[in-house]
Amino acid sequence: MTTRVLTAVVPAWLNRSDYVRAHDACHASAQLWNKAVSWVRAEWHSGRSPGPEDIRRYVISLPPEFRPLHAHTAAAVAYDLAEAIATTRTGRAHGMQGIRFPWREKAYRPLMLSARSGWRLTPGGRLALSLGRGRERIIIPVPEFTDREGQSVDPDRWGEMKLCWDSADRRWSLHITHRGPDDRLAQALPRHDQAAGTRVVTVAVDEGVINSMTMASRAPDGAYEIAVINGRSARSIKRGRNKRHARLQSKLSRCRTGSRRHRRLTRARKKLAAKTRRQLKNFNHQVTAKANGFVREQVEAHWQAAPEGARVVVQLVVGDVRGIERDTARKRRASPSTRQQLSQWERGVQERQLAYKTGLRIKHISEAYSSQSCPFCLTRRKVRGRTYVCVNPNCALVLHRDAVGGVNIHTLAVNDGAYVPVPPATEMRVKYLRAVPGWSPDQRERHGSRQVAAGRAGGARGREARGSARNRALHDGVHA
Ligand SMILES: [Zn+2]
């Protein structure tokens, strides 16, 4: 059986002294990075071009006081730097502008711990993380986690791990690589490389602000299966964040730097940012888990319907909207609030997560007119609102706007970028998924009375002033 390397993120609880030592080690790791960056730049300056091994030799040659870390941890800093340089080179070779070779001074870097020498299990059944020879180890309970089948993953399947300070969760976490069963879907090859008897399932993804991902694919019976994954919760998370952030910022601007109030507001701002990051992380995982589920369902359906011995492969195609969130201010096409929405869009993160979960490479294709064209008769129109209504009286298609986008991207993907009408009377099976379960309007109404009561109890401070430190920080001085 083939396997695949996955990464599990598990929380780690460090006692006070270990916390301090891990913290110092992360600073030291950043210092090492900074030193390596200056060295590499100096080498370039004198016409040399050091490779990964040269950087590693330089890092290891530094006196021990500059690298109070395990030798492998220090070497990992060198390799990370070499990789960052290589990534920049590739990006530039592909004409990406504005990407720079590493230059920023870092303050903090996670610690990589190699298997068997960076980390090991103690005879007492604990996990020991090494900070280098002659230094006390960090000892923590052995974390437990399961794979996607719900089976516990034992330490003998673990590889290297990273000790990170998770600023969103405000705690330490271990990123543990481990081998799991290979659940990657089979990637479709270019058409001329495909073996006979191969069935290609094309799953098209239309990305949007309101509906994060709309998935469209053709079922074995010829109908379209469409899943609209709603992303309104992310919008409300961000909107709430933006509002509160603006309020804190305006209060901060009116108080003296370093004053007690200033410190309190800064803390509230940090907490707000951490909470938003946590919520968005959850949101992205919910969206991509549902998208992954959809892709796997489609493959399964085709696999069931395929003749004995046939091979089912997938191509995952995304309408290319890359770059529209960049430089929106100059183009002046969107209003300021739309600009803000676009720049905070979680699109890139979600694409990476979907690629990781399905094990597929994502192909981007042009999505020109995909939201304006009728999939049946190819009439074009501008759409307002959430429903697409075809203007052609002989067609009279009525379909969810994002579903239209998904079907059109699917059409473009299977016809080499050309619009070909979908056969008349093809069934469109649309299902709506909510990324994060929230309250229905009915639930909101039923809970409304409680919110009003809580608001009254808060007196003049109003509905928002319930209990939390953030609210106290927000309202202090205003109602005092
Ligand atoms: Zn039409």
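Trainee: At what angle do the axes of helix H2 and helix H3 cross?

Mentor: The axes of H2 (residues 52–61) and H3 (residues 71–93) come within 9 Å. The model is predicted, and these values are computed from it. H2 passes H3 in a right-handed crossing. The angle between the axes is roughly 145°.

Trainee: How many residues of the contact of H2 with H3 are nonpolar?

Mentor: H2 contributes Pro 52, Glu 53, Ile 55, Arg 56, Val 59 and Ile 60. From H3 come, among them, Ala 71, Ala 74, Tyr 79, Leu 81 and Ile 85. Two residues of the contact are charged and none is polar, and the nonpolar ones number 12.

Trainee: Which are the edge strands of the six-stranded open sheet?

Mentor: The sheet has mixed pairing and the strand order S12-S11-S8-S9-S10-S15. Within it, S8 (residues 198–207) and S11 (residues 311–320) pair in the parallel sense over eight bridges, with Val 203 opposite Leu 316 in S11. An edge strand pairs on one side only, and here the edge strands are S12 (362–366) and S15 (428–434).

Trainee: Which helix lies across S8, S9, S11 and S12, and at what angle to S9 does this helix run?

Mentor: Helix H5 (residues 260–305) lies across S8, S9, S10, S11 and S15 and runs at about 5° to S9; its list does include S10 and S15. The helix asked for covers residues 347–358. This is H8, at about 40° to S9.

Trainee: Why is the arrangement around the zinc ion called tetrahedral?

Mentor: The zinc ion is coordinated by the SG atoms of Cys 374, Cys 377, Cys 390 and Cys 395, at 2.2 to 2.3 Å. Along the chain these donors follow the spacing C-x2-C-x12-C-x4-C. Four donors count as tetrahedral if all angles lie between 85 and 135 degrees. The arrangement is tetrahedral because the four donor atoms subtend angles of 101 to 117°.

Trainee: Which residue in the turn between S3 and S4 has a positive phi?

Mentor: S3 (residues 119–121) and S4 (residues 126–129) run antiparallel and are joined by three bridges, with Leu 121 opposite Leu 127 in S4. S4 is also joined by four bridges to S5 (residues 138–141), again antiparallel. S3 and S4 form a hairpin with four residues between them, and the residue with a positive phi, about 80°, is Gly 125.

How values were computed:
Residues are numbered from 1 along each chain as its sequence is written. This is a predicted model: local features need pLDDT of at least 70, side-chain atom pairs count only at pLDDT 80 or more; totals for chains, interfaces and linings use all residues. Side-chain values use heavy atoms; hydrogens and water are left out. Two strands pair if DSSP finds at least two bridges between them. Helices (H or I, at least four residues) and strands (E, at least two) are DSSP runs, numbered from the N terminus. Contact means heavy atoms within 4.5 Å. Axes are lines fitted to C-alpha atoms, for helices over the stretch in contact, and angles run from 0 to 180 degrees between N-to-C directions. A crossing is left-handed if the near helix is turned anticlockwise from the far one by less than a right angle, and right-handed if clockwise. Ala, Val, Leu, Ile, Met, Phe, Trp, Tyr, Cys and Pro count as nonpolar, Asp, Glu, Lys and Arg as charged, and the others, Gly among them, as polar. Donors are N, O and S atoms within 2.8 Å of the metal (3.2 Å for Na, K and Ca); water is not among the atoms, so sites may look incomplete. Four donors count as tetrahedral if all angles lie between 85 and 135 degrees; four count as square planar and six as octahedral if opposite donors are over 155 degrees apart and all others between 65 and 115; anything else is irregular.
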